[in-house]
Amino acid sequence: MKQSRPIPVDEAYFSQPRAIEFETTGGRSAHAYYYPARNVDFRCPDGERPPLLVISHGGPTESAATSFKLSYQFWTSRGIAVVDVNYGGSTGYGTEYRRRLNGQWGIVDVDDCVNAALHLVREGEVDGERLIIRGGSAGGYTTLAALTFRDVFKVGASYYGICDLEALVAETHKFEARYLDSMIGPYPERRDLYLERSPINHTDRLSCPIILLQGLEDEVVPPNQAEKMLKALQKKGIPVAYIPFEGEQHGFRKPENIKRALEAELNFYSRILKFDIADDIEPGQGEDLPASTHT
């Protein structure tokens with residue numbers, strides 16, 4: 001293995017991904033990379049399975065890869081397994097696979113993330129009562145849709161995710177102005193689909209705690225998307241945390257903000273799923289977030 005720069009962590013702690021293929025909706029198969037929980041200093045108690053963190057990648061027509069990500073090792077070294085899902089529509093599996101998302105965004109991607117988790121539960125790899133989903137941008141939309149329209153995950157994290165597709169059409173930058181035409185339908189002709197698939201319009205179906213993380217200078221998915229979801233969750237009394245980041249745009253770049261986001265996310269999961277964390281989280285980094293907050 002070649003490294004572009006030294007990694008100051010013993011490789012014995014690293015989880016090695018393996019490609020998995022699983023059955024999904026309609027009798028088709030989908031793909032993902034599974035990272036087992038791994039820490040050489042600890043082992044899972046007999047009869048216990050680790051929580052699972054499902055990652056829905058952005059794009060949405062991009063793909064997950066096995067390039068080394070310290071952020072994934074952050075989770076696996078803390079006893080949380082990770083599955084990085086290449087849901088239908090992802091590149092790398094041929095034209096037919098790529099076209100699965102045509103007109104089906106918010107359906108195929110959600111189904112595949114759900115079925116990846118259920119597959120690993122059936123295989124005995126993870127705990128079916130401690131399933132988590134997270135994603136950023138378009139992956140944040142898939143995350144919010146999965147938490148709203150399915151009853152599988154116990155908690156989730158949305159990084160600058162989309163909750164209102166109609167608002168996105170009106171507010172996003174010009175480069176992606178017609179991007180949704182192929183994945184949902186032409187707007188406004190198929191406005192009904194935009195309303196039907198927007199989590200913000202169906203919060204009556206939502207009962208799952210969520211942590212929302214948002215850059216305040218984001219022009220791709222403006223902060224009002226996260227703020228709408230925050231208000232809806234607060235109105236329902238569902239545990240929610242909202243952490244806005246000054247000076248961040250669409251994707252966090254400052255090391256201190258990336259660290260803060262991960263620590264707050266871990267802490268939120270630990271409180272919802274009721275497990276202890278060994279990390280010494282610094283004050284103000286998310287460890288004392290109340291159940292419903294805007295910090």
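Two strands pair if DSSP finds at least two bridges between them. Strands here (E, at least two residues) and helices (H or I, at least four residues) are DSSP runs, numbered from the N terminus. Keep both in mind for the first stop.

This is a predicted model: local features need pLDDT of at least 70, side-chain atom pairs count only at pLDDT 80 or more, and totals for chains, interfaces and linings use all residues. Residues are numbered from 1 along each chain as its sequence is written, and side-chain values use heavy atoms, with hydrogens and water left out.

**Stop 1: strand β5**

Select residues 131-136. This is strand β5, and five of its six residues are buried. Buried means under 20% relative accessible area, exposed means over 50%, and partly exposed is in between (1.4 Å probe, protein chains only).

β3 and β5 pair in the parallel sense over five bridges. Pick S56: its bridge partner in β5 is G135.

Next, show residues 155-159, strand β6. β5 and β6 also pair in the parallel sense, over five bridges. Click I133 and look across to β6, where G156 stands opposite.

Bring in helix α4, residues 138-149. β5, α4 and β6 make a right-handed β-α-β unit. To check the hand, point the strands away from you: in a right-handed crossover, the path from the first strand over the helix to the second runs clockwise.

**Stop 2: around R130**

Which residue meets E48 in a salt bridge? Select R130: the two side chains meet at 3.2 Å, N to O. E48 lies in the loop between β2 and β3 and R130 in the loop between α3 (108-122) and β5, so the pair ties together parts that are 82 residues apart in sequence. A salt bridge is a side-chain nitrogen of Lys or Arg within 4 Å of a carboxyl oxygen of Asp or Glu.

Color by accessibility. E48 is partly exposed because its relative accessible area is 35%. R130 has 14%, so R130 counts as buried.

D127 is partly exposed, with a relative accessible area of 21%.

**Stop 3: R191 and E166**

Jump to R191 and E166. Their side chains meet in a salt bridge at 2.4 Å, N to O. This pair links distant parts of the chain: R191 sits in helix α7 (residues 191-196) and E166 in helix α5 (residues 165-171), 25 residues apart. R191 is partly exposed at 39% relative accessible area. E166 is buried at 18%.

A search of the whole structure finds 11 salt bridges.

**Stop 4: T25**

Finish at T25, in the loop between β1 (18-23) and β2 (29-35). Is T25 buried or partly exposed? At 43% relative accessibility, T25 counts as partly exposed.

Show its neighbors. Leaving out residues up to four places away in sequence, T25 touches D111 and N115, where contact means heavy atoms within 4.5 Å. Zoom in on D111: its side chain makes a polar contact with the side chain of T25 (3.2 Å). A polar contact is a pair of N or O atoms within 3.5 Å; within protein, one must be able to donate a hydrogen and the other to accept it, and residues adjacent in sequence count only if both atoms are side-chain atoms.
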